[in-house]
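Colleague: Please take me through this model one feature at a time, with the general idea before the particular case.

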Amino acid sequence: MVSQDLPHPVAGLDYPKTLQEFDEWFSSEDACNAYLRRLRWPNGFRCPSCGGDNAWTTTRGQLRCATCQRQTSATAGTIFGGTRKPLRTWFQAMWYVTSEKLGGSALGLQRVLGLGSYRTAWTWLHKLRRAMVRPGRERLSGTVEVDETYVGGLEEGVRGRQTERKALVVVAAEEDGRGIGRIRLRRIPDASADSLTAFVEDSVEPGSIVHTDAWLGYDRLKSRGYVHQIHFLHGNKKTPSELLPRVHLVVSLIKRWLTGTHQGAVAPEHLDYYLDEFTFRFNRRRSRARGLLFYRLLQQAVQVDPVTYSQIVGGKRP
Ligand SMILES: [Zn+2]
């Protein structure tokens, strides 16, 4: 035990704005640890075992509760839990993912960080994606376009099985004047009323106006408290993409991102997490400082439970 250590409360937002600031702020493992502790316990340390608010830092960088003597750390019980790599490398990975406009691939991350294996880079990106959905986030509201589309054949070269690799994705996009507000995305097993209604109820605040095409799968929306407005193709020279232009713009951006940044190498069972990453970045696309995305990701990373490699491979939600 070297010193009494009560992390200071975070006063408002503080995060590095540029790569240079990032390097200055997080030049050591201790600096990363201290920052993470402030995010984990913004109102000061709380022992996860006894609720005590006083802790000591051990020589190995752990925290020892002054009341019950249990040891813990800022990374325990978060997506960083049990990592053998320096926290600094994780911070660099998060900076890499959030500072680039389109994010990055596992291969890109492996190169930038000099990671020994592709599998590590791939796993890290998947762990970070688990932190890209803010727990308890609000639903979309106002006027929202909803439509579903096929994404794929995601794995090029799997001859004759391409249709099986296609995934059905439902998209909700808020109208913001002529532009797009926030979005929500989900892979669904089919375009049935069960799948579509569940998505809308999870994603859109009741009372909102929901624009869809005339597909029967949206028939229940009115009875679930939405103002359902149907756009008909019939007798109308417009194409489907002109009827629900925001959704279709989002769809084309997703497809471009999957085939460009990720070169189409996304298996359907992992697609949901790529959609989470796309949503995270899209909904923050107007943030002036990219450092804010880094900060948000880190803030959420300490709130999300750890996930193992085998859970990730299985495509299971933790
Ligand atoms: Zn305790």
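Modeller: We can begin with the metal, where donors are N, O and S atoms within 2.8 Å of the metal (3.2 Å for Na, K and Ca), and where sites may look incomplete because water is not among the atoms. This is a predicted model, in which local features need pLDDT of at least 70 and side-chain atom pairs count only at pLDDT 80 or more, while totals for chains, interfaces and linings use all residues. Residues are numbered from 1 along each chain as its sequence is written, and side-chain values use heavy atoms, with hydrogens and water left out.

Colleague: Which residues are the protein donors of the zinc ion?

Modeller: The zinc ion takes its protein donors from the SG atoms of Cys-47, Cys-50, Cys-65 and Cys-68, which lie 2.3 Å from it. Along the sequence these donor residues follow the spacing C-x2-C-x14-C-x2-C. Cys-47 belongs to the loop between α2 and β2 (55-57) and Cys-65 to strand β3 (residues 63-65), so this pair ties together parts that are 18 residues apart in sequence. The elements are DSSP runs numbered from the N terminus, helices being H or I with at least four residues and strands E with at least two.

Colleague: What is the geometry of the site of the zinc ion?

Modeller: Four donors count as tetrahedral if all angles lie between 85 and 135 degrees. Ideal angles at a metal are 109.5 degrees for four tetrahedral donors. Here the angles among the four donor atoms run from 103 to 113°, and the site of the zinc ion is tetrahedral.

Colleague: Are Cys-47 and Cys-65 buried or exposed?

Modeller: A residue is buried under 20% relative accessible area, exposed over 50% and partly exposed in between, using a 1.4 Å probe and protein chains only. Cys-47 and Cys-65 are both buried. Gln-69, in the loop between β3 and β4 (71-72), counts as partly exposed because its relative accessibility is 41%. The C-alpha atoms of Gln-69 and Cys-47 lie 9.6 Å apart, although the two are 22 residues apart in sequence.

Colleague: How many aromatic pairs does the structure hold?

Modeller: Rings of Phe, Tyr and Trp (its six-membered ring) pair if their centres lie within 6.5 Å, and planes under 30 degrees apart count as stacked, over 60 as edge-to-face and the rest as tilted. The structure holds 19 such pairs. In one of them, Tyr-35 and Phe-91 have ring centres 6.4 Å apart and planes at 75°, so the pair is edge-to-face. Because Tyr-35 is in helix α2 (residues 29-40) and Phe-91 in helix α3 (residues 87-99), the pair ties together parts 56 residues apart in sequence. Both of these residues, Tyr-35 and Phe-91, are buried. Another edge-to-face pair is Trp-41 with Phe-45, at 4.9 Å centre to centre and 65° between the planes; Trp-41 is buried at 8% relative accessible area, and Phe-45 at 2%. Tyr-35 and Phe-91 also belong to one aromatic cluster with Phe-22, Trp-25, Phe-26, Trp-95 and Phe-294.

Colleague: Where does the charged end of Arg-129 sit?

Modeller: A charge sits over a ring if NZ of Lys or CZ of Arg is within 6 Å of the ring centre and within 35 degrees of the ring normal. The charged end of Arg-129 sits over the ring of Tyr-274, 3.9 Å from its centre, and that of Lys-17 sits over the ring of Tyr-15, at 4.4 Å from the centre.

Colleague: With which side chain does Glu-277 make a polar contact of 2.6 Å?

Modeller: A polar contact is a pair of N or O atoms within 3.5 Å; within protein, one must be able to donate a hydrogen and the other to accept it, and residues adjacent in sequence count only if both atoms are side-chain atoms. The side chain of Glu-277 makes this 2.6 Å contact with that of Arg-129, and a polar contact of 2.8 Å joins Glu-277 to the side chain of Arg-281. Glu-277 is in helix α10, as is Arg-281, the helix covering residues 271-282. Glu-277 counts as buried at 1% relative accessibility, and Arg-281 does so at 8%.

Colleague: What else does Glu-277 contact, leaving aside neighbours within four places in sequence?

Modeller: Contact means heavy atoms within 4.5 Å. Besides Arg-129, Glu-277 is in contact with Val-97, Gly-103, Met-132 and Trp-257. Arg-281, with residues up to four places away not counted, touches residues including Val-97, Gly-103 and Trp-257.

Notes: Four donors count as tetrahedral if all angles lie between 85 and 135 degrees; four count as square planar and six as octahedral if opposite donors are over 155 degrees apart and all others between 65 and 115; anything else is irregular.
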